[in-house]
Structures are given as structure tokens and as C-alpha cells.
Amino acid sequence: MKKEVETTLKESFVYQAQVIISRVRSEERFNTVKNYETALRSLLRYAEASDLSIRSITADFVRGYQQWLKHQGISLNTISCYTRSLRAIYNKVQRRKGKATPFEHAYTGSPETAKRSIPATDMRKLLKLQLPVGSRLALSRDVFIFCFYCLGMPFIDVAFLRRNQISNGCITYYRRKTHQAIHIPIEPQIKEIIARYRHAQRELVFPILTQTQGVDAYSDYRRKLSQYNYDLRQLSQMAKLKTRLTSYMVRHTWASMAYERQVDLHVISKALGHDNPQTTLVYIRGINNRQLANANRRLLKFVTKN
């Protein structure tokens with residue numbers, strides 16, 4: 001009897017997914033936990049079942065699931081997010097690397113969206129804003145600028161950044177999303193912001209979080225993220241920016257500006273902590289088409305100059 005139960009659990013996609021989710025939770029990757037759990041609930045609603053066997057996850061099943069999501073009025077971005085999460089779970093369950101999966105031809109892209117970066121002129125307007133020293137708006141402005149100075153560092157990594165991660169003129173941190181190590185030399189502009197918030201009794205670099213461990217820290221982070229985005233909307237109005245700032249916009253801004261300054265795509269990809277340069281292309285999709293045309297014109301002149 002015991003052997004039958006083990007076999008059933010081994011063949012259960014939901015059970016195996018829960019094992020993976022528990023492991024990710026123990027690593028305190030709470031955003032990933034949330035994404036996995038939401039995608040799994042969505043899949044079970046489609047299947048109208050409380051469990052699924054691994055064998056039932058076929059290419060036709062995935063195709064039907066994505067069609068069902070479209071009929072439910074779910075956006076392409078959300079469909080892609082659900083599918084990427086389920087694919088990641090499936091690959092971990094099956095331990096597949098480089099092999100064909102039921103998700104091979106499923107949609108996991110990013111549809112064209114409004115430009116999510118701002119020009120250098122807007123960054124300068126933000127820098128010039130006169131804000132009360134020690135105010136929450138001043139902190140939010142400094143954090144946004146710090147994220148930009150630090151190669152588009154995500155807000156979550158800034159919020160949890162500890163002083164012991166600063167050593168020998170360098171910031172070293174591991175991206176919570178990908179676990180990639182990022183090393184950032186401390187330029188004078190970065191040093192100035194860090195010094196502004198130096199406090200002998202505080203473990204974290206910035207006074208953002210009051211909780212630093214486990215689920216409580218994640219809940220605190222979610223609250224502070226909402227607060228931060230509210231502040232960024234206020235700052236956008238105060239600086240009279242045409243585009244409303246969001247926490248994620250700073251990564252797109254750094255990537256776009258770096259690309260415009262002819263920084264190599266692989267360098268940008270490494271700075272953002274991406275495993276695949278193709279992911280980076282999403283960040284620089286809004287690049288000026290005129291620049292691309294000029295680049296192509298120069299290339300053609302070089303090839304045909306004789």
C-alpha cells in the first residue's frame with residue numbers, strides 16, 4: 001500500500017510542484033513562491049481538478065490552457081507570466097535541461113507595451129528637486145537615483161541591502177530573483193547617497209524595512225514597495241515629468257541609456273543579472289529606431305565603400 005501512495009505522489013504534478021514551492025519558500029524567494037502558486041491555481045481552475053498527473057501536461061493541454069486564459073480576458077503579459085512559472089516548475093519536476101517540453105511552443109514572450117524608461121533630462125529634473133531633508137519623499141528620490149547609479153538594481157535588492165555587502169570600494173549582492181552575483185564599484189555619486197543614510201546601529205543601508213527575516217520581512221517589503229510607488233507618482237508630478245515613474249522603470253532606463261551609449265548588449269545583460277541576453281532586449285525594446293537606422297547606414301557604407 002505504501003508503495004502505491006509513493007507512486008501516486010511521484011506522478012502528481014501538484015504534489016511535486018508543492019515540494020518545489022516549499023523549497024523556494026525556504027530560500028526566502030517569496031516573489032517566486034507567489035508566482036508559482038498563482039500559476040498553479042490558474043492551471044487547476046482550467047483543468048477543473050484538484051490534482052493533475054505529470055503525464056497529463058502535454059503540448060495540447062498547454063495550448064488549450066493558453067486559449068482558455070485568452071477567453072477569460074487574461075492579458076498576454078499575465079498569460080506569459082503564468083506559462084513561464086509552470087514551465088519552470090515542470091522543468092524542475094522532470095529535471096529537463098535542453099530537452100523538448102510541452103511548453104516548447106507555448107507563448108512566453110512579452111507583448112509590445114508603452115515605453116518604460118525615461119530620458120536623461122527627466123533624471124536631471126528629479127535630481128534638481130528641492131525636497132525636505134529627512135523626508136520620505138527625499139528617501140524615495142534617493143533610492144530611485146541609487147537604483148539607477150547601481151546598474152538598475154531592483155528595489156527589493158536595495159531594500160534588503162546590508163552594510164556588510166559593501167567592502168573595498170564595491171557593493172556585492174545576489175539578485176533575489178536569479179541568484180546572480182552583481183559587483184558594483186562605488187562611484188562618488190553612489191558613495192554620497194550611502195553616506196547620507198549612514199547609521200551606526202542599523203544593519204541595512206537604507207531605512208526602508210523594519211523587518212528583515214522570513215515572511216514578516218516579505219510582508220513589510222510589499223507594503224514599502226506600494227508606498228515607494230506612491231511616492232514616485234508624487235515625485236513625477238512635482239518634477240513635471242511626462243512619464244509617471246514606477247519602481248521597475250529604473251531598470252529599463254539604465255538599460256536604454258547604456259544601449260544608447262553603445263554599451264554592448266552582453267555587458268548590459270550581465271549588469272541586469274540576466275542569464276540570457278534575449279531577456280535584456282525587452283528592456284531596450286523602445287530604443288530609438290533612428291539610431292538603428294543610422295547604425296545600419298554606417299554598416300552598409302562600410303561594406304560597400306569600395
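This is a predicted model: local features need pLDDT of at least 70, side-chain atom pairs count only at pLDDT 80 or more; totals for chains, interfaces and linings use all residues.
Helices here are DSSP runs of H or I with at least four residues, and strands are runs of E with at least two, both numbered from the N terminus. Of the contacts between residues at least 6 apart in sequence, 60% link residues at least 24 apart.

- Glutamate 48 has a phi near 50°, which is a positive value in a residue other than glycine.
- Glutamate 48 is exposed, because its relative accessible area of 74% is over the 50% cut-off.
- Serine 53 also has its place in the loop between helix 3 (30-47) and helix 4 (59-71).
- Serine 53 is partly exposed, because its relative accessible area is 29%, which falls between the 20% and 50% limits.
- Across the sequence, serine 53 and serine 12 are separated by 41 residues, yet their C-alpha atoms are 4.6 Å apart in space.
- Once neighbours within four places in sequence are set aside, serine 53 is in contact with Glu11 and Phe13.

**Helix 4 against helix 5**

- Helix 4 packs with helix 5 (residues 76-94) at an angle of about 150°, and their axes are 10 Å apart.
- The two helices are therefore roughly antiparallel to each other, since angles over 145 degrees count as such.
- The crossing of helix 4 past helix 5 is right-handed.
- On the helix 4 side, Tyr65, Gln66, Leu69 and Lys70 take part, and they meet Leu76, Ile79, Tyr82, Thr83 and Leu86 of helix 5.
- Sorted by class, this contact has six nonpolar residues, two polar ones and one charged one.

**Strands 2 and 3**

- Strand 2 (residues 170-174) pairs with strand 3 in the antiparallel sense, over five bridges.
- Within that pairing, isoleucine 171 stands opposite isoleucine 184 of strand 3.
- Strand 3 (residues 181-185) has Ile182 and Ile184 on its covered face, while Ala181, His183 and Pro185 lie on the uncovered one.

**The loop between helix 10 and helix 11**

- Lysine 240 sits in the loop between helix 10 (214-238) and helix 11 (249-260).
- The phi of lysine 240 is near 55°, again a positive value in a residue other than glycine.
- Lysine 240 is exposed, because its relative accessible area of 69% is over 50%.

Conventions:
Residues are numbered from 1 along each chain as its sequence is written. Side-chain values use heavy atoms; hydrogens and water are left out. Buried means under 20% relative accessible area, exposed over 50%, partly exposed in between (1.4 Å probe, protein chains only). Contact means heavy atoms within 4.5 Å. Axes are lines fitted to C-alpha atoms, for helices over the stretch in contact, and angles run from 0 to 180 degrees between N-to-C directions. Angles under 35 degrees count as roughly parallel, over 145 as roughly antiparallel, 65 to 115 as roughly perpendicular and the rest as oblique. A crossing is left-handed if the near helix is turned anticlockwise from the far one by less than a right angle, and right-handed if clockwise. Ala, Val, Leu, Ile, Met, Phe, Trp, Tyr, Cys and Pro count as nonpolar, Asp, Glu, Lys and Arg as charged, and the others, Gly among them, as polar. Two strands pair if DSSP finds at least two bridges between them.
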